[in-house]
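My notebook is open and I have a new structure to look through. I'll jot things down as I go.

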Amino acid sequence: MSNVFDRLIFVAAAIAIAAVAPASPAYADPPCPATGCPPGPAGPPPANVNSPSYKDGYTSEHDFYSTPQNHAYLANEMKNGYTPALVCQTEIKGGAMPPSPADWISGCVDALHDLGFKP
């Protein structure tokens, strides 16, 4: 039961931080040169759904948020602007870093989408 409360505290803290913290410039695209930006990929590469990190992210979050109490709590938080991506970014900080954080987060987001949580 303590684990549930620990996660709920993490979720509440992440919401509070996200509401007050400005966006990090580290994630901003660098400026393009005067000649224009070179063409790049249309978006991030798709997650490796066969990786252990993806499977762990999917399974752990699907199992946690599929329980009625946890599902109801997150559904309520989502009404206040919380997104699956923010949930997963918060959750990944709650334990040991997986070998592929990007795959873990993708698995987590997919699990939340499968549970009906939409951006």
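These entries cover the disulfide, a helix, the aromatic pairs and the core.

**Ground rules.** This is a predicted model, so I noted its limits: local features need pLDDT of at least 70, side-chain atom pairs count only at pLDDT 80 or more, and totals for chains, interfaces and linings use all residues. Residues are numbered from 1 along each chain as its sequence is written, and side-chain values use heavy atoms, with hydrogens and water left out.

**Disulfide.** I looked for cysteine sulfur atoms within 2.5 Å, which is the rule for a disulfide, and the count came to 1. C88 and C108 make the link, with their sulfur atoms 1.9 Å apart. C88 sits in helix α4 (residues 84-91) and C108 in helix α5 (residues 101-114), so the pair ties together parts 20 residues apart in sequence. Helices here are DSSP runs of H or I, at least four residues, numbered from the N terminus. I read -85 degrees about the S-S bond, so I wrote down "left-handed". Both C88 and C108 are buried (under 20% relative accessible area; exposed is over 50%, partly exposed in between, with a 1.4 Å probe and protein chains only).

**Helix α2.** Next I checked the length of α2 (residues 52-65): its 14 residues should span 20 Å at 1.5 Å a residue, and the end C-alpha atoms are 20 Å apart, which agrees. The expected span is 1.5 Å times one less than the number of residues. Which residues of α2 are buried? I found S53, Y54, G57, E61, F64 and Y65. They cover an arc of only 125 degrees around the axis, which puts them on the same side of α2. That arc is taken from the directions from the helix axis to the C-beta atoms.

**Aromatic pairs.** My search of the whole structure gave 2 aromatic pairs (ring centres of Phe, Tyr or the six-membered ring of Trp within 6.5 Å; planes under 30 degrees apart are stacked, over 60 edge-to-face, the rest tilted). Y54 and Y58 are stacked, at 6.5 Å centre to centre and 20 degrees between the planes. They are 4 residues apart in α2, so about one helical turn separates them. Y54 counts as buried at 10% relative accessibility, while Y58 is partly exposed at 23%. F64 and Y65 are edge-to-face, with 4.8 Å between centres and 90 degrees between planes.

**Core.** The largest nonpolar core has 14 residues (buried Ala, Val, Leu, Ile, Met, Phe, Trp, Tyr and Cys joined through side-chain atoms within 4.5 Å). α5 gives the most to this core, with 4 residues.

Notes
Helix = DSSP H or I, 4+ residues; strand = E, 2+ residues; numbered from the N terminus.
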